[in-house]
Amino acid sequence: MKRTKRISLLLTTALLAGSLLLSACQSGEGGTLSTDSTVGETSTPWAPPAETPATWSEFDLNDTWADGDTHIHLDENTTQKEWRGAKIVGGDLYIREEGTYVLSGTLNGQIFVSVDKTEKVHLVFNGFTVNEDSLTPILCERADKVVITLAEGTENFVNDHNANYVEGGTATDGRNAGAIHAKMGLTINGKGSLTVNTVYRHGIVSNSNLRIVSGDLTVNAKEEGLRGKESVSIRGGRITVESGDDGVKVNQADEEGQGFFAMEGGDLQIVTEGDGIDVIKTVRIVGGSLRVQSADHSIVTEGTVSIGGDPVIRLHAHSGAEDSDAKGIKADGEVTIESGSLLVTKSFEGIESKNASVRILGGRVDVRADNDGVNAATLLSVEGGVLYVVSGGDGLDSGGDIQFKGGTTVICGSSSNAYAPMDVPEGSQIRVDGGFLLAYGSLNAVQYPSDSSSQPFLGTSVSLKKDVPYALRDQDGNNLVTFTPAENALTLCFSSDALTAGEYTLFSGVTPEGTPAYGVYTSSTGGEEAGRFTVS
């Protein structure tokens, strides 16, 4: 005997709305503007959809220049020339003084920046190409910070042509890891485009914080695409990364405020043979569009992942091999989804917290996984939004409790008897205390919610056929839920605040009404009786 309450048209309409609309932006403080202590910059307000650890100074945001700045036009034959603060020696451009340098033409050599460590350098690419075969094409050896501005309406290129490994990292003894490599904070802004091609190692590297404010940026890298040793922050722009290793990498969190990836806006697309975004501490996404196609994990961190604001995220994690274990989101710490849209189109496991909890507070989460759909070490909690899971293993798997407090959850579990739509270990429980739950899958390992749940539920064995529409109706013929299973199933679990004690009948072959969302319809008519159940 199983339990329940009542699913109305209102609930199903809410599910439909969740499937079609992104959650509204949340208000609140955004990434803040910092003041660079060495120059005493002032702050300018900036309010992304939700708070992030990113900081933006006036220098980061400055994409202007003047006639009085140093303007350098180069041609392929320029080997010796001098400007205010800069000179070419042996075909390499040396920048030795703080200031703004407007670059155009073509340099077949290296840009080498070395100023006092308290000074800033602003490079404006105004239709500029750098070609380098033996050294780091752009090496910022010493400065407080470097900003690269892409002039509006211009195309700019940085090309590293030589794949041979060369030890070193100065203008005279070899190459650093990135085609553009800054040993200090590096920011890219502007309204033009930049294409970085490297057959050596990484695309763009900062040994400190890498910030992208705006611009059209394409990175084709042999290894990592974007690397910020302490952080990578994206505020806007259109960024495309194709890499043989990780698309975005952050690998240091020695001090407070380090070790994060923050995305507040823009469009980031990653295609990689490694991890999509690999971050040591914190991943925080609150805006923009993120698309990742990765052979390994799409988002991976030793820390936490949190999604809020109004981002649209699409992850495809699979190597193409049958034994691929790539995951959509893999975190050692907590995974929290507050709002926005997350779609995992392919993965071994969709979302995993290795050592902590997974909490769905709002937004829309759609997961397709060969194994577990969502896996939490301590607690898996659905408190709002829409969660849809199609899994080849357990739909929801927790090392502690699974709890439903609100929102809409639809689980299509595996048809294999080795798995269950919901799985918790002995001593833990599944609780339904609110929201809408529809789960179906195999029978052998099935687990139903605990009788201590405050919201009634129906849990029963029943034969469900893939692509056949079913409807659950009360004694008066009122429709509670109409759905079409995505896979064959031998068990059904249903709960909503529409269920009450009484008799219910399941009908098969019904005629659905309305536009489906995750296989659920607004209503139905007709059908043949497939089972009767009592909810007490």
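Asp467 is found in the loop between β42 (457-464) and β43; helices (H or I, at least four residues) and strands (E, at least two) are DSSP runs, numbered from the N terminus. Phi of Asp467 is near 70°, a positive value in a residue other than glycine. Asp467 counts as exposed because its relative accessibility is 54%; the cut-offs are under 20% relative accessible area for buried, over 50% for exposed and partly exposed in between, with a 1.4 Å probe and protein chains only. This is a predicted model, in which local features need pLDDT of at least 70, side-chain atom pairs count only at pLDDT 80 or more, and totals for chains, interfaces and linings use all residues. Residues are numbered from 1 along each chain as its sequence is written, and side-chain values use heavy atoms, with hydrogens and water left out.

Tyr518 also has a positive phi, of about 55°, although it is not a glycine. Tyr518 sits in the loop between β47 (511-513) and β48. With a relative accessible area of 15%, Tyr518 is buried.

Next comes the sheet that takes in β43 and β48. An open sheet of five strands runs in the order β48-β44-β43-β46-β50, with antiparallel pairing; two strands pair if DSSP finds at least two bridges between them. At the edges stand β48 (520-521) and β50 (528-535), each with a single partner strand, so one side of each has no neighbour in the sheet. In general terms, strands of a sheet pair through backbone hydrogen bonds, either parallel or antiparallel. Strand β43 (residues 470-474) and strand β44 (residues 479-483) run antiparallel and are joined by four bridges. Across that pairing, Arg473 stands opposite Asn479 in β44.

Gly502 belongs to strand β46 (residues 502-508) and counts as buried at 16% relative accessibility. Leaving out residues up to four places away in sequence, Gly502 touches Gln475, Phe533, Thr534 and Val535, where contact means heavy atoms within 4.5 Å. Gly502 and Phe533 are 31 residues apart in sequence, yet their C-alpha atoms are 8.4 Å apart in space.

As for the nonpolar packing, the largest core has 90 residues, and those with the most contacts inside it are Ile111, Phe125, Ile204, Phe261, Leu342 and Ile351. A nonpolar core here is a set of buried Ala, Val, Leu, Ile, Met, Phe, Trp, Tyr and Cys residues joined through side-chain atoms within 4.5 Å. Strand β7 (residues 120-132) gives the most to this core, with five residues.

Strand β4 (residues 92-95) pairs with β6 in the parallel sense over three bridges, and Tyr94 stands opposite Phe112 in β6. Strand β8 (residues 138-142) also pairs with β6 in the parallel sense, over four bridges. In this pairing Ile111 stands opposite Ile138 in β8.

Ser339 lies in the loop between β30 (335-337) and β31 (341-346) and is buried, with a relative accessible area of 3%. A polar atom of the Ser339 side chain lies 2.7 Å from the backbone oxygen of Gly309.

For the chain as a whole, the secondary structure comes to two helices and 50 strands. Of the 536 residues, 59% count as buried. Among contacts between residues at least 6 apart in sequence, 53% join residues at least 24 apart. The count of disulfides, taken as pairs of cysteine sulfur atoms within 2.5 Å, comes to zero. Cys412 counts as buried at 0% relative accessibility, and Cys493 is buried with a relative accessible area of 2%.

Terms used. A polar contact is a pair of N or O atoms within 3.5 Å; within protein, one must be able to donate a hydrogen and the other to accept it, and residues adjacent in sequence count only if both atoms are side-chain atoms.
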